[in-house]
Amino acid sequence: MARSSAGESVLTRAVRILEVFDPDNVAIPLGVIAEQADLPLSTASRLVDELVAHGLLRRDE
């Protein structure tokens, strides 16, 4: 499994993205997701795209 330079797995980083959301925060801009998940914007974008492709997140316009 691919690991970040910090030694985290992709799964761990994806879980950090999912943890940003809660019942009161269901629509969050990508920049805020990246910041709150403590990920570079490019990594957050790539992982959000994959989570959307798997039906785990939905992208709003």
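The model is predicted, so local features need pLDDT of at least 70 and side-chain atom pairs count only at pLDDT 80 or more, while totals for chains, interfaces and linings use all residues. Residues are numbered from 1 along each chain as its sequence is written, and side-chain values use heavy atoms, with hydrogens and water left out.

**Annotated domain**

- An unreviewed UniProt entry lists residues 8-61 as "domain: HTH iclR-type"; such annotations may be inferred rather than shown by experiment.
- Residues 8-61 are 57% helix and 0% strand, and the end C-alpha atoms of this span lie 31 Å apart.
- Helices (H or I, at least four residues) and strands (E, at least two) are DSSP runs, numbered from the N terminus.

**Nonpolar core**

- The largest nonpolar core has 13 residues, and I17, I33 and L39 have the most contacts inside it.
- α1 (10-20), α2 (30-36) and α3 (41-53) each supply at least two residues of this core, and the largest share, four residues, comes from α3.
- A nonpolar core is a set of buried Ala, Val, Leu, Ile, Met, Phe, Trp, Tyr and Cys residues joined through side-chain atoms within 4.5 Å.
- Leaving aside neighbours within four places in sequence, I33 is in contact (heavy atoms within 4.5 Å) with I17, V20, F21, I28 and V48.

**Largest pocket**

- The largest pocket holds about 300 Å³ of space.
- The lining of the largest pocket has 13 residues, of which F21, I28, R58, R59 and D60 are the closest to its centre.
- α2 and α3 are the elements that give two or more residues to this lining.
- By class, the lining has ten nonpolar, no polar and three charged residues; Ala, Val, Leu, Ile, Met, Phe, Trp, Tyr, Cys and Pro count as nonpolar, Asp, Glu, Lys and Arg as charged, and the others, Gly among them, as polar.
- On a 1 Å grid over the protein atoms alone, a pocket is an open set of points where a 1.4 Å probe fits, with protein on both sides within 12 Å along at least five of seven lines; lining residues have an atom within 4 Å of a point.
- Grid points are joined across faces, edges and corners, and a volume is the space filled by probe spheres set on the points.

**Single residues**

- Buried means under 20% relative accessible area, exposed over 50%, and partly exposed in between (1.4 Å probe, protein chains only).
- A34 in helix α2 is buried, at 4% relative accessibility.
- Apart from neighbours within four places in sequence, A34 is in contact with L39, P40, L41 and A44.
- S45 in helix α3 is partly exposed, at 25% relative accessibility.
- The C-alpha atoms of S45 and L30 are separated by 6.9 Å, and the two residues are 15 apart along the chain.
- D38 lies in the loop between α2 and α3 and is exposed, with a relative accessible area of 64%.
- D38 is not a glycine, yet has a positive phi of about 55 degrees.
- Most residues other than glycine have a negative phi.
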